[in-house]
Amino acid sequence: MLAQEIIRTKRDGHALSEAQIQSFVKGLTDGSWSEGQVAALGMAVFLRGMGREEAVHLTRAMMHSGRVMQWPDMPGPVLDKHSSGGVGDKVSLMLAPMVAACGGYVPMIAGRGLGHTGGTVDKLEAIPGYTTTPDPARFDRIVRELGCAIIGQTGDLAPADKRFYATRDVTATVESVPLITASILSKKLAAGLQGLSMDIKCGNGAFASTPAFARELAESIVAVAGGAGLKTRALITDMNEVLGDEVGNALEIAETIAYLKGERQESRLHEVTLALAAEMLVIGGLAADTAAARARLQQALDSGAAAEKFAQMVVALGGPADLMERPQAYLPAAPVIQAIPAPRAGVLSAMKTRDIGLLIVEMGGGRRVASDAIDFRVGLSAVRHVGASLAAGEPLAMVHAADEAQAQRVIAAYQAAVTLAEPGTAVAAAPIVMDVIG
């Protein structure tokens with residue numbers, strides 16, 4: 001089929017056939033479509049949209065553009081979770097071992113930081129020796145033996161999506177619901193999953209800034225996943241403030257360890273982790289309903305079973321055997337740690353969460369370009385949450401900086417990124433789970 005005729009079909013507002021979509025994906029993988037042609041079809045879809053059937057065909061075609069994992073003879077369901085990205089979001093690190101401790105198998109292929117959002121792979125690489133790129137046989141063995149392994153994306157899974165996304169990224173066509181849907185699900189389907197729990201972040205620190213856009217994306221993902229044979233539930237969760245108490249790679253690993261050991265379970269982070277993991281257990285037939293699932297997950301935490309799974313995963317992927325007992329001996333620490341004082345007394349009423357995420361990037365905790373090295377040490381700890389009452393000078397958070405000058409810049413920027421209402425003002429944070437789709 002001629003590329004220009006496929007582009008013309010979509011340009012004129014018509015649905016693409018399955019054969020046309022397969023021809024396009026073949027052109028993505030074998031190079032027979034030029035960058036200009038790929039960009040033109042991306043823009044045509046961005047402007048004209050795609051129906052559900054088209055999105056299913058695109059998802060399946062991109063899924064089959066590379067290796068598709070198989071998990072024969074698994075004694076339990078193969079499950080995963082995916083987040084659209086947020087600030088302080090370390091849920092994957094906590095959830096995978098919890099689900100594994102409850103009988104699920106979680107082959108989690110995670111991403112790096114994107115824009116203002118942190119990446120699970122970057123966080124794991126703060127652990128000395130941890131490899132996020134094991135060979136396929138090792139990955140398979142660890143998942144089967146332990147129940148979970150979290151690694152980085154591999155080039156042989158859905159390679160058509162990798163090329164298409166790179167073109168969309170530089171042609172202002174990323175924000176297309178059907179294309180986002182196909183991009184996410186093609187990789188998840190290629191991982192051989194039987195069930196998926198989606199976390200669609202919504203708010204000023206999320207890609208989906210409005211509830212309407214978040215719901216449109218959630219409904220698309222659930223419908224297309226179902227059409228492609230993958231049982232999926234989507235939660236729309238609040239991202240109008242930092243999730244958890246820490247932001248920054250090594251700091252978030254430390255928070256994960258404390259959480260799994262029962263030393264710290266900040267309420268909003270705990271709630272969203274339980275909610276997403278519970279959906280996985282129900283989808284996988286490991287619990288009759290979400291109430292039973294939540295009870296089972298809490299038992300996995302309280303008994304230490306989830307912490308043990310995380311420790312075993314770290315060792316299996318090259319990390320230290322005593323990380324859980326002595327995280328401070330392994331996780332890199334910043335040389336300068338200072339309080340960010342509240343400029344006046346008041347109640348924390350709002351955060352510019354995206355600005356806080358970008359602040360971490362500017363400190364070196366994220367990437368401006370793909371080749372940037374990450375400074376695992378830097379970030380924020382003891383973050384105060386919306387609704388907190390503060391006296392003048394009381395810490396809004398602690399900054400972990402590379403040097404004194406950086407610390408002073410962060411203090412000023414963080415103070416500018418939060419809003420303090422008058423003392424005594426009643427301020428309540430939004431519910432962490434805003435909606436459930438599917």
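A: Ala382 sits in the loop that runs between strand 8 (379-381) and strand 9 (389-390). The model is a predicted one. Ala382 is not a glycine, yet its phi is positive, about 50°. Its relative accessibility is 39%, so Ala382 counts as partly exposed, given that buried means under 20% and exposed means over 50%.

Another loop position is Gly203, found between strand 4 (195-202) and helix 10 (211-227). With a relative accessible area of 3%, Gly203 is buried. Apart from neighbours within four places in sequence, the residues in contact with Gly203 are Ala208, Ser209, Met239 and Asn240. Asn240 is 37 residues from Gly203 along the chain, but 4.8 Å separates the C-alpha atoms of the two.

Ser83 belongs to a strand, namely strand 1 (residues 79-83). Ser83 has 16% relative accessibility and therefore counts as buried. The side chain of Ser83 has a polar contact, at 2.9 Å, with the side chain of Asp89. A polar atom of the Ser83 side chain also lies 3.0 Å from the backbone nitrogen of Gly85. If residues up to four places away in sequence are not counted, Ser83 touches Asp89, Asp199 and Lys201.

In helix 1 (residues 3-11), the buried residues include Ala3, Ile6, Ile7, Thr9 and Lys10. Viewed down the helix axis, the buried residues fall within an arc of 155°, so they line one face of helix 1. Among the elements that cover these buried residues are helix 2, helix 3 (35-48) and helix 4. After helix 1 comes Gly13, which has a positive phi near 90°.

Two of those covering helices also pack against each other. Two packed helices are described by the angle between their axes and the distance between the axes. For helix 2 (residues 18-30) and helix 4 (residues 52-63), the axes cross at roughly 35° and come within 9 Å. The crossing of helix 2 and helix 4 is right-handed. Helix 2 contributes Glu18, Ile21, Gln22, Phe24 and Val25 to the contact, and helix 4 contributes Glu54, His57, Leu58, Ala61 and Met62. Sorted by class, this contact between helix 2 and helix 4 has 6 nonpolar, 2 polar and 2 charged residues.

A further helix pair is formed by helix 5 (residues 91-101) and helix 11 (residues 249-260), whose axes are 9 Å apart at an angle of about 35°. Helix 5 and helix 11 make a right-handed crossing. On the helix 5 side, Leu93, Met94, Pro97 and Met98 take part, and they meet Ile253, Glu255, Thr256, Tyr259 and Leu260 of helix 11. By class, the contact of helix 5 with helix 11 has 7 nonpolar, 1 polar and 1 charged residues.

Methods. Residues are numbered from 1 along each chain as its sequence is written. This is a predicted model: local features need pLDDT of at least 70, side-chain atom pairs count only at pLDDT 80 or more; totals for chains, interfaces and linings use all residues. Side-chain values use heavy atoms; hydrogens and water are left out. Helices (H or I, at least four residues) and strands (E, at least two) are DSSP runs, numbered from the N terminus. Buried means under 20% relative accessible area, exposed over 50%, partly exposed in between (1.4 Å probe, protein chains only). A polar contact is a pair of N or O atoms within 3.5 Å; within protein, one must be able to donate a hydrogen and the other to accept it, and residues adjacent in sequence count only if both atoms are side-chain atoms. Contact means heavy atoms within 4.5 Å. Axes are lines fitted to C-alpha atoms, for helices over the stretch in contact, and angles run from 0 to 180 degrees between N-to-C directions. A crossing is left-handed if the near helix is turned anticlockwise from the far one by less than a right angle, and right-handed if clockwise. Ala, Val, Leu, Ile, Met, Phe, Trp, Tyr, Cys and Pro count as nonpolar, Asp, Glu, Lys and Arg as charged, and the others, Gly among them, as polar. The arc is that of the directions from the helix axis to the C-beta atoms.
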